[in-house]
Structures are given as structure tokens and as C-alpha cells.
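Me: Hello! I am new to this structure and would like a close look at one part of it. Could you take your time and connect that part to its surroundings?

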Amino acid sequence: MQNIITYKKIGHIALVTINNPPVNAMDFKTRLALSDAIDQLNSDNKIKAAVLICEGRTFIAGADISEFDNLPFKDPWLPDVVQKIEDANKPVIAAIHGSALGGGLEIAMGCHFRCAVPSAKLGLPEVTLGLLPGATGTQRLPRLIGVDKALDMMLTGKPINAKQAIEEGLIDKIIEDELQEGAIAFAKEILEKQIPIRRLSKTKIDKTNVTTELFEKYRQRNNKTACGFFAPEKIIQCVEAAVDLPYPESLQVEDNLFMECLNSDHSRGQRHLFFAEREIARIPDVPKDTAIRNINRVAIIGAGTMGGGIAMNFLQANIPVTLLEIDQEGLQRGIDIIRSNYAGQVKKGRMEQTHMDQYMELLSGSTAFDNISDVDLVIEAVFENMEIKKEVFKKLDQVCKPGAILASNTSTLDLDVIANYTKRPEDVIGLHFFAPANIMPLLEIVRGKKTTKDVIATAFKLSRSIRKVGVLAGVCFGFIGNRMFLPYVREAELMMLEGVSAERIDRVACNWGMAMGPHAVTDLSGQDVFFKIVDGWKDHPDDPAFFRVCKALFELERYGQKTSKGKYIYEGRKAISDPKVANIAQQEAEKLGIEQREISDDEIIKRLLCAMINEGALILEEGIAIRSGDIDVIYANGYGLPRYRGGPMFYADLIGLKQVYDDINEFRDRYGNRYWTPAPLLEQLAKQGKTFSEWSQHK
Ligand code: CAA
């Protein structure tokens with residue numbers, strides 16, 4: 001086994017190289033070895049300066065996040081290592097390639113100088129894990145690049161490139177050629193020119209323009225972009241301390257607030273998602289080295305909003321797309337919508353005109369199936385109707401070349417039935433995009449009974465190429481996401497019949513953290529769309545109260561935002577409550593003999609979440625989802641569930657499955673067992689005192 005750290009002398013320069021694959025994370029062993037290397041450096045009288053560099057694909061990507069659940073940290077903990085580097089008795093130069101992130105950048109800031117290759121990325125992304133840069137980052141970054149820029153970098157968590165880093169003073173030099181050689185030459189230059197060592201902890205913060213208003217500006221931005229998250233405010237407090245207090249005292253503030261963040265449920269949830277999002281592509285029976293099919297040309301059937309949105313993903317990944325519609329008028333309309341979407345982005349300064357031109361060049365249109373005979377992938381995005389899909393897939397089977405992947409964007413229909421309209425069901429897969437398809441990151445990859453492994457592996461590779469978060473689902477009504485969303489909306493609807501207003505239910509859901517309440521979501525998608533989905537569901541519950549308000553609104557042609565009236569009335573996109581809707585719900589309740597009752601906010605949120613979690617447990621048990629983490633990733637990326645909750649299944653694990661089970665039993669006692677029979681898996685785990693995560697790992 002190779003050493004984690006090697007110490008090599010090149011003339012008067014020591015080359016300290018870290019080799020801890022895959023990303024040189026600062027786990028205990030690496031911290032210890034680096035600390036020892038600094039001891040060696042200090043006592044090495046022949047050495048005048050050191051270069052700290054990494055093997056492999058990147059500089060240090062941060063602390064080892066997997067150690068955060070095993071407190072206390074083993075000494076030396078990272079801030080001590082950073083300080084030890086800074087205290088070294090000769091210049092230390094960080095040589096950065098790949099990414100210097102979190103604890104990695106903090107180590108680099110402990111060094112006295114920093115150089116990087118042009119492609120390097122540097123950032124403090126801890127906020128995305130519900131943390132703050134707790135290895136002195138909140139104290140050193142403001143000293144290095146100023147308070148304003150430091151707050152911006154730490155609160156967005158977004159890395160910057162080497163060019164920006166040199167402009168902002170985060171690095172001292174860009175090395176255009178070979179990094180190791182360049183860094184050693186830089187070290188020699190520092191020695192020759194006797195450039196003084198800069199120890200950031202001893203540097204004063206530039207307080208020009210640092211006012212209360214500056215901090216207020218970031219607090220207000222947090223309210224808009226990170227409302228409900230715990231860590232962002234703590235980052236601001238650390239920087240305030242850095243400005244107001246002597247270094248040792250403000251460091252203590254950082255340490256205390258870091259531990260508060262680390263122990264918060266928010267950070268637990270965000271860390272869970274970090275690992276879950278990296279696990280999704282591990283499919284037990286699809287080996288990592290499964291050969292994949294080349295996707296060089298794509299066709300999209302249907303130039304409506306969905307088809308157009310899907311096409312944009314491929315264009316932006318430089319993959320040519322043919323959009324297919326039944327008539328020229330529809331085709332032109334679809335192409336015009338794509339063009340105007342891009343033009344809007346150019347106007348807002350979010351896209352270069354040259355990029356737009358390049359994407360439009362890659363787009364072609366056709367009204368003839370024969371013109372797509374050479375594509376490698378077809379995605380059908382026509383109306384959600386089995387008869388129409390049947391015709392499309394029969395046609396695709398006739399015209400597409402052997403080996404082409406035939407995908408459906410269906411959100412609820414039976415993929416196996418669709419696949420059997422072709423003579424090659426093994427090439428058929430579901431690629432379920434979420435509206436707006438060019439923006440929402442989620443992609444449900446639906447595996448049919450006969451879908452082959454290489455088609456699945458290709459779909460995962462493709463999801464990364466088009467920057468989507470692909471999650472595998474099995475075939476059932478609504479797959480994972482929509483199948484769980486239906487019980488959630490069902491309860492939101494039933495509570496309206498019991499006398500709770502749509503706006504109150506939405507407010508409670510949003511207070512819990514949802515980006516939008518369930519009623520606002522159904523207005524956005526359309527009451528007509530929801531009604532048709534549940535009405536067309538062959539196994540829908542035999543219950544006259546099921547989606548009753550939705551049905552009444554549908555009959556009144558109150559479809560939601562598109563008709564300016566639904567569960568709310570709309571002025572533009574602004575929702576305004578409409579007392580008529582509560583009356584409609586009350587009239588429907590009277591017809592059904594449903595009593596009006598007082599329902600607490602606590603019960604509202606429990607009913608919404610328990611309904612969703614119970615369905616999630618069934619989905620796990622049936623093997624529709626591989627792991628509970630996959631479900632969480634779906635909800636964090638496609639349904640507006642706040643990342644700090646970690647997803648519905650993680651939330652259930654956190655509050656305890658016994659609690660969820662007891663709540664469901666309480667609802668069963670009150671409302672009967674039609675909707676409130678605890679899923680057998682939930683019952684089993686609740687009784688065993690286990691979690692969905694544990695079950696997923698050991699099943
Ligand atoms: N700790 C532990 N494991 C990590 C890790 C970290 N900081 N960063 C990445 N990994 C693991 C991943 O889980 C993954 O493991 P598997 O292969 O077993 O799934 C593996 O390294 C490769 O990661 P990616 O698949 O993400 O690789 P990539 O090439 O796509 O991306 C990366 C590389 C940009 C470095 C990305 O991994 C990344 O963003 N990592 C996290 C960076 C981060 O958040 N750092 C801050 C940590 S918190 C901190 O440092 C606290 C502090 O201030 C004290």
C-alpha cells in the first residue's frame with residue numbers, strides 16, 4: 001500500500017504529496033500524516049520551503065464527510081492541522097489542481113502562498129452540507145479576499161475558477177504548465193525575492209466598507225434564497241465575530257457554531273443527500289463496467305412544452321436533436337418556443353448569443369417518422385394516453401434502426417404495456433422528466449420487465465451528460481415520485497372537505513419547508529391534469545371523496561393558473577385566496593356527509609407526510625425503489641422538498657419509525673383503514689426499532 005503522504009527533497013525544497021484516493025479527503029489518517037510531515041519540515045534544516053501538492057484527480061476535496069457521524073473527531077482535528085501549517089518555520093506553498101474545497105481550501109489558506117492550474121476550482125461548499133467552514137475558513141477567507149466577497153463565497157457555496165481566484169486574491173499565481181515544476185519554481189522565486197511569509201491568522205481584516213448594512217444585505221439574501229436553512233445565518237455570525245473580536249475569540253465562535261451546525265438535523269439531512277446522490281447510480285445487478293450504447297443523435301416525439309423542454313437538455317449537451325410533430329404548424333410552434341426560451345435567457349444575460357446560435361443549429365424538425373431512422377435514442381413525449389403511445393411505439397418499432405433506445409416520458413402509464421407494442425421491449429425504457437424539463441434536475445429512469453442492463457447503464461450515463469440526477473424506478477402507477485405524491489395531495493384534498501382552507505394547508509406545508517404547498521402545486525400543473533390522471537387510473541380507490549374538490553373545480557373549468565382560477569385566483573402568477581373554493585369544498589362535503597372539524601397545524605403536516613411515507617414504505621417493499629435514499633433524492637430534486645429535511649424517508653428515520661407508525665394507527669382509528677393501513681415494512685421496522693436507511697443497506 002502506498003503512503004498517504006510522501007516527503008521528498010528536491011534541492012532545498014520539500015515536496016509534500018498527499019495521496020488519499022479518490023479525492024484526498026482529510027480523514028484522520030491523512031490529518032495525522034500531514035501533521036507529521038509538518039514536524040519533519042520544521043526540523044529539516046536543509047530545507048528552505050515546501051510545496052504541498054496532491055496525487056490523483058484533485059487537490060484536497062475537504063474534510064472526510066463520512067467521519068461527521070462519529071464524534072468526537074480524532075486528534076489532530078483539521079483546524080489544528082491548518083494552524084500547524086501556518087506556524088511552519090519556512091514558507092509552505094499549496095499547489096492546486098482539480099478542486100480545493102472546504103477543508104481543502106482551508107488547508108490551502110493555512111499555507112503561506114497558493115498557486116493553481118488554470119482549470120482548478122476553489123470553494124467553501126460547506127453550506128450545501130448544512131455546515132460552515134469550520135477549519136478556520138470563516139476567519140481566514142475574509143482576511144484574504146475581504147468580508148464582502150468571503151460572505152458571498154461561503155453563503156452560495158459555489159466554487160470559483162483560478163482566473164477569478166487570482167483576481168480576488170485567493171491565489172497568488174496561475175501555473176500554466178506542469179504544476180509540480182511550476183510550484184517548485186514559484187517556491188524558489190519566493191525564496192530568492194525574500195517575499196515575506198503571510199500568516200493569515202495574524203493579518204488584520206480590512207474593515208473599510210464593512211458596515212451593519214453589509215451583513216443585513218446578506219441576511220436579506222438568505223431570506224430569499226436560503227429561507228429555513230440553519231447554517232447560512234451561522235456563517236454570517238462567524239464573520240461578524242471575525243470582524244469584531246480578536247482572532248482566538250472569534251475562532252472559538254467558529255468552533256462552537258460549527259459544532260451546532262454539525263449536530264443539527266439540517267446538516268444530517270444534507271449530508272445524507274450528499275451520499276445518497278452519489279449512490280443512486282449503483283444498481284446491484286448492473287455492474288459498473290456494463291458496456292453502454294453511443295448516443296450521438298436524439299429524436300423527441302411531440303413538440304409540446306414537455307418535448308421542447310426535453311430537447312433543450314440535449315442541445316445544451318451538444319447532442320443534435322430532431323423534434324417530430326404530426327403537422328408543420330405544431331412543429332414550428334415547438335421550435336419557436338425553444339428559440340424564445342433561449343432568447344429570454346440571452347436577454348437576461350444568462351446565456352451567450354453564440355451559445356444560443358450553436359444550440360439552434362443542432363435542432364432540426366420533421367413531420368415524418370422516416371426521418372428519424374438513424375437516431376440512437378428516441379424520447380416519446382406525447383399526450384399521456386395509452387392509445388396514442390401505442391401508435392407512436394408501433395411506428396418507432398418500424399422505423400428505428402436496430403439498437404436504438406426507445407424511451408417514453410410517461411409519468412404514470414404502464415411501461416411494460418408500452419414496451420410490448422414493439423418487437424424489442426428490451427430496448428424500451430422510461431425517461432420521466434419533470435416540468436419545466438429544461439430546469440428541473442430530476443430524471444426518473446424507469447426499468448421495464450425486459451429492459452436490458454446496457455440500456456439502463458446508458459440511461460445513467462446520459463443523465464450525467466445532460467446534468468440530470470437520474471434515479472432508477474420500477475414499473476407501477478406513478479413510479480416513485482408521483483405514486484407518493486398522490487397520497488400527499490389526497491390528504492390535502494380530504495382536509496379541505498373537513499373544513500381546512502387550501503391556503504392554510506399550503507402555509508403549513510411551506511412552514512415545514514416545502515417550496516410550494518400541495519394545492520398551489522396542483523394549480524400549477526392544472527386541476528384538469530390531476531383530475532384526468534386520477535380518473536384514468538384503473539385502480540383508483542373506490543371512494544367518492546377521493547380528489548373530490550379537484551373534480552368539482554375541473555367541472556367548473558377552474559383548471560388553476562392557466563385559467564387564472566383554481567384553488568386560488570391568480571393575478572399573473574400571484575395566488576390570491578378565494579372564499580368560493582372553501583364553499584365549494586363545504587358543499588361537496590355536505591353531499592358526502594363529511595363532518596367539518598378543527599384540525600391542528602400539527603395534524604395537517606403529519607397527515608401530509610405520513611401518507612407520503614407510508615406509500616414510500618410500500619414502494620421499498622415492492623422493490624420499485626432500490627433504497628430509501630433514492631426516494632429522498634427524488635423528493636429533494638423533483639418535488640421541492642427542502643434539502644435540509646433530507647427527504648421524506650430520511651425524515652421518517654429521524655423522527656423514528658415508531659412515531660410514524662403510531663401516527664398512522666391513530667389516523668386509522670379515526671378515518672378507517674382504506675388509506676391508513678400501515679405498510680408491513682413500516683410496521684416491521686417500527687417494531688424492531690430500525691430505520692429505512694438500515695434496512696436499505698442490509699436487505
Ligand atoms: N468526504 C468523503 N467522501 C468524499 C468527499 C468528502 N469530502 N468528497 C467526495 N467524496 C467521495 C464521494 O462520496 C464519492 O465516493 P463513492 O465513489 O464511494 O461514491 C467519491 O469521493 C468521488 O466523489 P464524486 O463522485 O463526487 O466525484 P466527482 O469527481 O464527481 O467530484 C468533487 C469530485 C468535486 C470533489 C466532489 O466529490 C465534491 O464536491 N466533494 C465534496 C466537497 C465538499 O463538500 N467539501 C467540504 C467538506 S466539509 C468540510 O471540509 C468541513 C470543514 O470545513 C471542516
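How far is the sulfur of C261 from the closest cysteine sulfur, and which residue holds that closest sulfur?

Reply: Happy to! Please keep in mind that this is a predicted model.

Let's begin with C261. The cysteine sulfur closest to that of C261 belongs to C238, and 7.5 Å lies between the two, which is too far for a bond. A disulfide is a covalent bond between the sulfur atoms of two cysteines. The structure as a whole holds zero disulfides. C261 is also a buried residue, with a relative accessibility of 0%. Another cysteine, C400, is buried too, at a relative accessible area of 5%.

Now for the charged side chains. Across the whole structure, a search finds 48 salt bridges. One of them joins R293 to D427, with 3.0 Å between the closest N and O atoms. R293 sits in the loop between helix 11 (265–279) and strand 10 (298–301), while D427 sits in the loop between helix 16 (415–419) and strand 15 (428–433), so this pair ties together parts that are 134 residues apart in sequence. On the D427 side, the residue is buried, with a relative accessible area of 6%.

A second pair is E380 and K389, whose closest N and O atoms are 2.6 Å apart in their salt bridge. Both E380 and K389 are buried.

Next come D601 and R504, whose side chains form a salt bridge at 2.8 Å, N to O. D601 belongs to helix 24 (residues 601–621) and R504 to helix 19 (residues 502–512), so to speak two distant parts of the chain, 97 residues apart, are linked here. D601 is partly exposed at 42% relative accessibility, and R504 is partly exposed at 22%.

Finally, let's visit the surface. A patch of negative charge gathers E176, D177, E178 and E181 there. Of these residues, E181 lies in helix 7 (residues 179–192), and E181 is exposed, with a relative accessible area of 60%.

How values were computed:
Residues numbered from 1 in each chain as written. Predicted model: local features only at pLDDT ≥ 70, side-chain atom pairs only at ≥ 80, totals over all residues. Heavy atoms only, no water. Patch = residues over 30% accessible without salt bridge, like charges linked within 9 Å, V, L, I, M, F, W, Y side chains within 5 Å. Areas by Shrake-Rupley, 256 points an atom, 1.4 Å probe, with all protein chains shown as cover. Salt bridge = Lys/Arg side-chain N within 4 Å of Asp/Glu carboxyl O. Lys, Arg positive; Asp, Glu negative; His and termini not counted. Charge placed at Lys NZ, Arg CZ, Asp CG, Glu CD. Helix = DSSP H or I, 4+ residues; strand = E, 2+ residues; numbered from the N terminus. Buried < 20%, exposed > 50% of the residue type's maximum accessible area, 1.4 Å probe, protein only. Disulfide = S-S within 2.5 Å.
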